[in-house]
Structure formats: structure tokens, C-alpha cells
Amino acid sequence: MFKALYFCSVKSLIVMRLERHNKIATIVSSDFKQVLLLEHLGISLVVGEKTVQEVCDENHINPDLYLCFASLFHNQPLPQVPHFNENDVQTMVRYLQNSHRYYQTERIPKLQNYIQILSQQNQSQGSKLLENFVQNYINEITEHFEYENNVVFPYMLSLASHQAPDSTYSVIDYKEQHHNIDEALADIKGLLVKYLPINEDEKLRRKLLNCLFDLEHDLIIHSQIEDHLLIPLVEKFEANELNALPNNNVQIEDKKNANLSEREIAVLRLLLEGFSNKEVADKLHISTHTVISHRKNITQKIGIKSLAGLTIYALQNNLIQLTQP
């Protein structure tokens, strides 16, 4: 009887559908990692019987955005949600900044502690190799976080608050430098699982592997939030810089430019009309990667990165003309 109830309970947790009327406590009970989500969003764990909607209203968080985060923590695909807005950018940035602090004050020191114990107990070439792998990885992830905190996030928040951001920067720069920093963990885990002897201290190996898998899980969610939620939204805001040209429609003149190819002009036209990279790709029947490459070529040729700057350049060089609607 108990066994049957147990498996029924487990099954119900696996197929649990996350919705606004769900109680936060029920979601946390089904997956303790959700506690970390609350912490990163600045929400108190003492939620009583409150629902997602109620807790989000109290903390000025879009419930749809919270459910996106909760789905990622629950190892579910991102749901179809309404378009996000400026306030959601601030929430996402706050989450990512808090997660950076968590990694640097808890996850990374814990990893370093295990590596230090291992090095003290195993004076071998293998342990030294592992120590070097981990330190290089920590340096890489720390540099990545500093870049996001000092350059990327201030730029995004400026756009979201309708302030004039640095015109020499664009989210394209971030996409070119941004990469899934969790991938390097595969080599470290592989070394531990396949090759490295630890003087039969399997408990230490298990603790170290558990630490690495937990960090990997967190970083995958971190990357998904950036890649699938934050970056596409900021691209929309960059396109909206064109609203600084009120009551006008932008059209490309029917002539070639000596510097830009026909395809680059087609990409530029759609970007200036406010379409995202993905939307441009769909309209031209090419990949998003190809659009990014064309956009990179355009900025390299004329030395301007922001859409507003591209618009001004195009006007000054007779690549486009403004026509009244």
C-alpha cells in the first residue's frame, strides 16, 4: 500500500503542470531546487499557502516570467508566454546578478575546498592536472561574470529604462562573446569518472562530482535564461531605438551600395524596420546564425554597431530614405 502511494506521488510530481494558481509551497515540495529560485529572485521562503500569482504580485514579478524560471528548474521546456517588457528585463538581470553572487560565494568556494583536500591527499600528476583544470575554469567563469556585471547588464538596464545607452555597444557583442560556460565542466567530470585515482577515497570523489553536477545544472539554467529570454527581449529594445525617428517609415532605396552586398542591405532593411534576428532569418529564409554574420559584417564595414547609429549612417549616405506614411 505504502509502495503504491509512493510511486503515485512521484509520478504526480513528474507531470506537475506549473500554473499561476499553484501554491509555491507545493512547487517547492516537488523540487527543493526551487528554493534557490526564490532566493535569486529575492523572495522570502516563508510563503505560507500563497499561490504563484499572489507571491509574484507581492514582489512585483511577472507571474509568467516566474513560471518560465520555475519550469527550467523543474527540468521542463519553456512554456509559451506573452511578450515580456521592461520590468521583466530588470527581474531577469536581478536574478542573474544574485546567481553570480551565489556561485562566487558558495558554489565556487565549495568546489575549491574539495580540490584543495584532494591535492593534499593525492600528490600525483593526475590531481595536479585536475587542480589546473578547475582553476582555469574558475578564472574563465569569474571573467565571464565580471563582463556581464560591468558591461552587459548596465547596458540592458539602460535600454529597459529608456535611457541612452553606450552607442558603441550592442547585444551583438554579447552574443559573440557569450557561450555556454558549463561546457568546460565535461572535461573535469570526465577526468574524475574515467581516469583519476584518488587513493580509494570514493566519498571525496562523490562529493566533488556532486558539486560539479549541481554547478552544471545551475549554469545550464543560467544560460537558457540569457539565450532564450533575456537576449531576444533586449534585441527588441535595440530595434525600438528607431522610435527616435517619429512618424516616419524607413525604406531602402532601390540601388546598390559599394560597401554592402544585396543580402546585407536586405538584412539591414528588416533590422531597421524593427525585426529581431530570428524574424529577419524567417523572412529571408536563412538561419539566425547567418543573420548575425551579416550583421557583424555590416558593423565591421562601416564601424557602427547600434541600430540607431546604423540608421543615421544609412541616412547620411543615401542608403535609405524617410517617407511620410
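**Salt-bridge close-ups in a predicted model**

**View 1. Lys-236 and Glu-279 join their side chains in a salt bridge, 2.9 Å from N to O.** A salt bridge here is a side-chain nitrogen of Lys or Arg within 4 Å of a carboxyl oxygen of Asp or Glu. Lys-236 sits in helix α10 and Glu-279 in helix α12 (residues 277–284), so the contact ties together parts 43 residues apart in sequence. Helices are DSSP runs of H or I, at least four residues, numbered from the N terminus. Lys-236 is partly exposed at 28% relative accessibility, and Glu-279 is partly exposed at 27%. For these labels, buried means under 20% relative accessible area, exposed over 50%, and partly exposed in between (1.4 Å probe, protein chains only).

This is a predicted model, with local features needing pLDDT of at least 70 and side-chain atom pairs pLDDT 80 or more, while totals for chains, interfaces and linings use all residues. Numbering runs from 1 along each chain as its sequence is written, and side-chain values use heavy atoms, leaving out hydrogens and water.

**View 2. Lys-189 meets Glu-216 in a salt bridge at 2.6 Å, N to O.** Here helix α9 (residues 185–195) supplies Lys-189 and helix α10 supplies Glu-216, so parts 27 residues apart in sequence get tied together. Both ends are tucked away: Lys-189 is buried at 12%, and Glu-216 is buried at 15%.

**View 3. Asp-214 and Lys-33 pair up in a salt bridge at 3.5 Å, N to O.** Asp-214 comes from helix α10 (residues 202–239) and Lys-33 from the loop between α2 (24–30) and α3 (34–40), so the pair links parts 181 residues apart in sequence. Asp-214 is buried at 18%, whereas Lys-33 is partly exposed at 31%. Zoom out a bit, and Lys-33, Arg-107, Asp-214 and Asp-218 form a salt-bridge network.

Notes: Helix = DSSP H or I, 4+ residues; strand = E, 2+ residues; numbered from the N terminus.
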